[in-house]
Amino acid sequence: MPIEESGDGMRISVVGCGYLGAVHAASMAELGHQVVGIDVDERKIGALNAARAPFYEPGFEDLLARTLATGRLRFSTDIADAAGAAVHFVCVGTPQKRGEYAADLRFVEAATESLLGVLAPGELVAGKSTVPVGTAGRLAELVADKVPGALLAWNPEFLREGFAVTDTLHPDRLVYGLPAGSDREVAERLLDEVYAPIVAAGTPKVVTDHATAEMVKTAANSFLATKISFINAMAELCEATGADVKQLADAIGYDDRIGRKFLNAGLGFGGGCLPKDIRAFMARAGELGADQALTFLREVDNINMRRRIRMVELAREVCDGSLLGKHIAVLGAAFKPDSDDIRDSPALNVAAQLQLQGADVRVTDPAAIDNARRLWPQLDYADTAEQAAASADAVLVLTEWRAYRELDPVAFGKVVASKRVLDGRNALDREAWTAAGWTYRALGRRAG
Ligand SMILES: NC(=O)c1ccc[n+]([C@@H]2O[C@H](COP(=O)([O-])OP(=O)(O)OC[C@H]3O[C@@H](n4cnc5c(N)ncnc54)[C@H](O)[C@@H]3O)[C@@H](O)[C@H]2O)c1
């Protein structure tokens, strides 16, 4: 059933209701629009229609319940329900291709093709997925060819998991990658109407072409990844020299040209965006004959992956040189706190390596255990940090959930067999843990 005509807001469809799309759909309804979210996953659509979040995201379930109750939001598996929307957001996944660095565009292509059946002249397809530069131009030609008068823009998304609701409703900038010519104005007007309260709030808006908008997203992620790997490279040097990476980061971070954000040395980045986005960016640069421009990203990636190996080595070191039969508690499975996303999770990667090397690993996480169990059924799981750490020979804090940052080292020391803690995120209070009798080790820092 197409979206009901209404005097209220615009009619909007959101194709792909994962971490990005589901939050986007509910947020657009919050702004007053009539929204239908479409996904091919029946289970996800069933949950969303029942006001159950299919993933953990702070504040999302409340927003979902609130906006469903207004009648302005609904979810469907039938693309025909997108008919009549003025703007169709494409929010499907763009994972890394198996065995290659390039992005797998099958889902973006399938979603766009499915929209062609419902699209009408004057309507706008607005891509939000992260895509290799050149994708929007290609899809715009397809749209113009099949539905003359329909438009395509690229409107990349910068939300952070864990802050997705706030980031969607209060973004730090809007980027519109618009078609050329007279279509440009129409597309800009439609996006301005969608984001009217956000535009009115004075949010910076960058209006540009398709290619620049696509590159803004991958360039931003590459910069962030580089900053993280920079400090992690410094951590490697600190390990070789006995210097302290945390103090180093504090000291260089006071320089406001550098800034302290994203300078936390540790286990490095993971998740469904940064790793695959920098790899896809390198692959695309290669296709364009500009691969030299991005060879540094290969090193950024290598530094990042080396941190995981170093963490396993550190665990072996504190376990008297052998992991065999050692009971290791891993606190954290999600790739970052406040999320249940385990895509390319450094924590799970380390946990699996420890297990493969003979350790008896027990993993816990406040939100991601079910996802982790599905992907890594061979690991053992516990509901709480205390259960995971019972009689442990070492405790590894690999995702900096607040609950782990705030653990009481005195009380926690009573459950383990040996008070050895590895702070994979430089997130614990070293002095408090050492004062409680723990051997404290962290990446880039002297033994405590
Ligand atoms: N997750 C983030 O924090 C974030 C932030 C910014 C940008 N992005 C980008 O947004 C895109 C989506 O990421 P995500 O994390 O939401 O992925 P996701 O895997 O959580 O969600 C993708 C959804 O698309 C659905 N889908 C696939 N093919 C479909 C089709 N043909 N029609 C309808 N639905 C279809 C899937 O069933 C799934 O629910 C990616 O390009 C990602 O890089 C993600």
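Tutor: A residue is near a molecule if one of its heavy atoms lies within 4 Å of it. This is a predicted model, in which local features need pLDDT of at least 70 and side-chain atom pairs count only at pLDDT 80 or more, while totals for chains, interfaces and linings use all residues. Residues are numbered from 1 along each chain as its sequence is written, and side-chain values use heavy atoms, with hydrogens and water left out.

Student: Which residues around the ligand come nearest?

Tutor: There are 26 residues around the ligand, and those that come nearest are Asp39, Lys44, Thr94, Lys276 and Arg343.

Student: How much of the ligand does the protein cover?

Tutor: On its own the ligand has 830 Å² of accessible area, and the protein covers 88% of it. Such areas come from the Shrake-Rupley method with a 1.4 Å probe; for residues, only the protein chains shown count as cover.

Student: Which elements give two or more residues to the shell around the ligand?

Tutor: They are helix H1 (19–30) and helix H4 (106–116), and H4 gives the most, with three residues. Helices (H or I, at least four residues) and strands (E, at least two) are DSSP runs, numbered from the N terminus.

Student: Why is the ligand said to lie between two domains?

Tutor: Domain 1 (11–203) and domain 2 (222–442) both give residues to its shell, so the ligand lies between them. The domain bounds come from an automatic or database domain assignment.

Student: What makes a space a cavity and not a pocket?

Tutor: On a 1 Å grid over the protein atoms alone, a cavity is a set of points where a 1.4 Å probe fits but cannot get out; a pocket is an open set with protein on both sides within 12 Å along at least five of seven lines, and lining residues have an atom within 4 Å of a point. Grid points are joined across faces, edges and corners, and a volume is the space filled by probe spheres set on the points. By this rule there are two cavities of 30 Å³ or more.

Student: Which residues line the largest cavity, and why is it placed between the domains?

Tutor: The largest cavity holds about 50 Å³ of space, and its lining includes Thr94, Thr130, Lys276 and Asp277. H11 gives the most to this lining, with three residues. Domain 1 and domain 2 both contribute to the lining, so the largest cavity lies between them.

Student: What is known of the second largest cavity?

Tutor: Its volume is about 40 Å³, and among the residues lining the second largest cavity are Val245, Arg260 and Asn426.

Student: Where does the second largest pocket lie?

Tutor: Domain 1 and domain 2 both give residues to its lining, so the second largest pocket lies between them. About 160 Å³ of space lies in this pocket; of its 13 lining residues, those closest to the centre are Ala103, Leu105, Pro132, Arg284 and Glu287.
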